[in-house]
Amino acid sequence: MNTEERIYRNSEISEKVLEKTFVEKVREMGLIVIKNQDPMQSGMPDRLVVMPRGKVAWVEFKSRGKHMTALQSNRAKKLSEMKHLVILIDSRKDLDIALAFIKGCID
């Protein structure tokens with residue numbers, strides 16, 4: 001077991017590691033993962049997952065105990081009102097649940 005796997009299994013992990021692990025696992029499923037870097041779209045979730053049959057999921061990553069800003073919360077609410085899936089991941093448990101859900105969407 002390498003160091004990253006040990007960190008993943010034994011402790012809460014940082015936003016950066018959560019995001020990196022998520023992206024790797026989703027790409028292994030053959031899906032497209034887009035990083036939102038447009039400065040004109042402040043507050044939008046960190047990643048957009050593009051799945052078969054027109055499905056998409058917006059994903060926001062936070063370190064444990066951190067909360068979305070007011071702008072991020074407003075953007076997430078607006079996306080949800082438009083029937084978009086918005087996922088917040090701030091722990092290993094959330095990461096595992098999100099990955100299982102996305103896998104279920106493509107099976």
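The side chains of lysine 62 and glutamine 72 meet in a polar contact of 3.1 Å (N or O atoms within 3.5 Å; within protein, one able to donate a hydrogen and the other to accept it, and residues adjacent in sequence counting only if both atoms are side-chain atoms). This is a predicted model, where local features need pLDDT of at least 70 and side-chain atom pairs count only at pLDDT 80 or more, while totals for chains, interfaces and linings use all residues. Residues are numbered from 1 along each chain as its sequence is written, and side-chain values use heavy atoms, with hydrogens and water left out.

**Around lysine 62**
- Lysine 62 sits in the loop between β3 and α3 (70-81), and at 12% relative accessibility it counts as buried (buried is under 20% relative accessible area, exposed over 50%, partly exposed in between; 1.4 Å probe, protein chains only).
- Setting aside neighbours within four places in sequence, lysine 62 is in contact with residues including Glu15, Leu18, Leu88, Ile89 and Asp90 (contact means heavy atoms within 4.5 Å).

**Overall layout**
- The protein chain has four helices and four strands, running α-α-β-β-β-α-β-α along the sequence (DSSP runs numbered from the N terminus: helices are H or I with at least four residues, strands E with at least two).
- Of the chain's 107 residues, 33% count as buried.
- Take the contacts between residues at least 6 apart in sequence: 56% of them join residues at least 24 apart.
- The chain exposes about 6800 Å², with carbon and sulfur atoms supplying 55% of that (Shrake-Rupley method, 1.4 Å probe; for residues, only the protein chains shown count as cover).

**Core and aromatic pair**
- The largest nonpolar core has 19 residues, and Phe22, Val49 and Ile89 have the most contacts inside it (such a core is a set of buried Ala, Val, Leu, Ile, Met, Phe, Trp, Tyr and Cys residues joined through side-chain atoms within 4.5 Å).
- α2, β3, β4 (85-89) and α4 (92-106) each put in at least two residues, with the largest share, five residues, coming from α4.
- Leaving out neighbours within four places, isoleucine 89 is in contact with Phe22, Phe61, Lys62 and Leu95, among others.
- There is one aromatic pair (ring centres of Phe, Tyr or Trp, the last by its six-membered ring, within 6.5 Å; planes under 30 degrees apart are stacked, over 60 edge-to-face, the rest tilted).
- That pair is phenylalanine 22 with phenylalanine 61, edge-to-face at 5.4 Å centre to centre and 65° between the planes.
- Phenylalanine 22 is in helix α2 (residues 15-28) and phenylalanine 61 in strand β3 (residues 56-61), so the pair ties together parts 39 residues apart in sequence.
- Phenylalanine 22 is buried at 0% relative accessible area, and phenylalanine 61 is buried at 0% too.

**Salt bridges**
- The structure holds six salt bridges (a side-chain nitrogen of Lys or Arg within 4 Å of a carboxyl oxygen of Asp or Glu).
- Glutamate 19 bridges to lysine 35, with the closest N and O atoms 3.2 Å apart; this links helix α2 to strand β1 across 16 residues.
- Glutamate 19 is buried at 10%, whereas lysine 35 is partly exposed at 37%.
- Glu19 and Lys35 also belong to a salt-bridge network with Arg47.
- Aspartate 90 pairs with arginine 64, the closest N and O atoms being 3.4 Å apart; the two sit in the β4-α4 and β3-α3 loops, 26 residues apart.
- Aspartate 90 is buried at 11%, while arginine 64 is partly exposed at 48%.
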